[in-house]
Amino acid sequence: MATGNMKDIKRRIKSVSSTRQITKAMELVASSKLRKAKQRSENGRPYFEAQYELLSEIASVKKDFSTIFTEPREVKNRLFIVIAGDRGLAGGFNSNILKFAVAAHKDDAEKPKIIAIGRKAVDYFEKHGYDVVGKYPYFAEKAKTGNCMDIAQIAVDLFAVGEVDEVELFYTAFVSPLVQTPESAKLLPIANIGEGTGEDNGLITYDPSPEAVFDRVVPKFVMSMISCAVVESFASEQGARRTAMESATDNADEMIANLSLVYNRARQEKITNEITEIVSGANALS
Amino acid sequence: MTPFKLQIITPDGVFFDGMTDNVIVRTTVGDKGILAHHEPYVAAITISKFKVRIDGEFRYAAISSGVIKVSKDKTVILAQSCEWADEIDVERAVRAKQVAEERISTYEKTNDQKNLDIAEFKLKRALNRIEIAKLK
C-alpha cells in the first residue's frame, strides 16, 4: 500500500478522535446537568402536589361551584405552550416534541396560538407562520418559578378575556435517563379536578369566599404546572443528549479501532515490502 | 401553648416543616393569627411580614403571595417565595427595588397597565424584603 493512503488514514483517525473528545465532553456535561435538573424537579414536587390537593378540595366543597376557569366552553381557539430545547445534538428530543405538538392540532380549522419555550421551539413556530404570543428562548436552564409566572399570566389572561378557549401544555416527560416521551396536559379549563379528601367538606371557612381563593390559586397552579414541565423537559433534554452523545462516543471509538487496524496493517505491509526490496537488492549485488 | 404542625412549601422545595404554637399571617382580608385547634380555614396571603413562634421565640419571614390552609392535623402555607429575616439578600432586594422603580416610571409614560402591575408587584416584594431584613 502506498504511503499517501497511510497519511489519509492517519488524518482520519485524528479527526475522529477530536470529534470523540467533543462528544465525550458533551456527554459529561449533560450527565452533570441531568443530575441537577433531577434534583430541581424533585424540589418542586411537594408544592405542586399540595396545590393540586387544595384546588381539588375547594372544588369539591360546593356543588354549584363554578368560575370561568372550570366552565367548559366551545373550543374555537386553542393556546399551546410548547417546551423544547435551546440546542440541538440531543437525538430526537426537539423534533419529537415539535412533531407531537403539530400532530395535536392537525384536525383543527385554525392554527393554535403558541407560547414557545426554548430556542428550537421559537425558531420552528416562527418559521411555520404560527401566531407566537410568547417567546422564551434560553429559558429552561435558569428558569425560576417567578419567570414561569409571566407565562402563566399570559395564558390565564388570554383565557379570561376569551381569546382562547383551551390551554394545553406540551412537554417531554422524564421516564428514565434513557427514555423520554413527549406528552401533553390540559391546563385550562380545569377539567378533571379530583374529589378531594372529603373530610372537611362544608366545614372549611374560605376567606373571603371559595371563588376568590380559587381564582387566586388557579394562576399559581398554572404557573407551577408550567414550571414543573419546564424542569422536567430540561431533565429530558439532558438525558436525551447524554444518550445521543454516549452512542456517538461509542461509534467514534469503534471507528478509531477499525481505522487503527487498517493503518497498522498498511504500516506492516510497507515494512515487509521494504525488507523484501532490501533483501532482494542485497541478493542481486552478491 | 399547644404546639401544632406547620408546613411552608415553596416552588423551590419544603421551606419549613415542624412544630409551632402561633402563626400570624396577613391575608387579603386582614391579619390572622392561627393557634392550635383552629377551625378549618383557607385564605389567600398577600406580600407581607410573616410571624411564627418556634420554641417560644418569634421568627420573622418575608412571604410573597400564597395561600394558607388550616386543617385538623396541620397548617400548610403555599407561597411563591419565603425567606427568614436573617436569610434575606438585602443587596438583591435593593437592586430589585431600583429596577422596579425605573420600570414603573417608564411604563407610566407609555400607559402599559399590564407591565405596570408586574413592576408594582415586584416593587412591593422588594420593599417587603428590605423592611423585614431589618427585623433580624
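Trainee: What makes a residue of chain B count among the buried 36% of its 136 residues?

Mentor: A residue is buried if 20 or more other C-beta atoms, placed from the backbone, lie within 10 Å of its own. In chain B, 36% of the 136 residues are buried. The model is predicted: local features need pLDDT of at least 70, side-chain atom pairs count only at pLDDT 80 or more, and totals for chains, interfaces and linings use all residues. Residues are numbered from 1 along each chain as its sequence is written, and chains are lettered from A and ligands numbered from 1 in written order.

Trainee: Which elements does chain B have, and in what order?

Mentor: Chain B has 2 helices and 8 strands. Helices (H or I, at least four residues) and strands (E, at least two) are DSSP runs, numbered from the N terminus. From that end, chain B runs β-β-β-β-β-β-β-β-α-α.

Trainee: Why are β3 and β5 of chain A called edge strands?

Mentor: Strands pair if DSSP finds at least two bridges between them. The open sheet has 5 strands in the order β3-β2-β1-β4-β5 of chain A, with mixed pairing. Strands β3 (131-136) and β5 (180-188) of chain A each pair on one side only, so they are the edges.

Trainee: How do you know that β1 and β4 of chain A pair?

Mentor: Strand β1 (residues 78-83) and strand β4 (residues 166-174) of chain A are joined by 5 bridges. The cut-off is at least two, so they pair. These two strands run parallel. A:Arg78 stands opposite A:Glu166 in β4(A).

Definitions and conventions: Buried ≥ 20, exposed ≤ 12 C-beta atoms within 10 Å, placed from the backbone.
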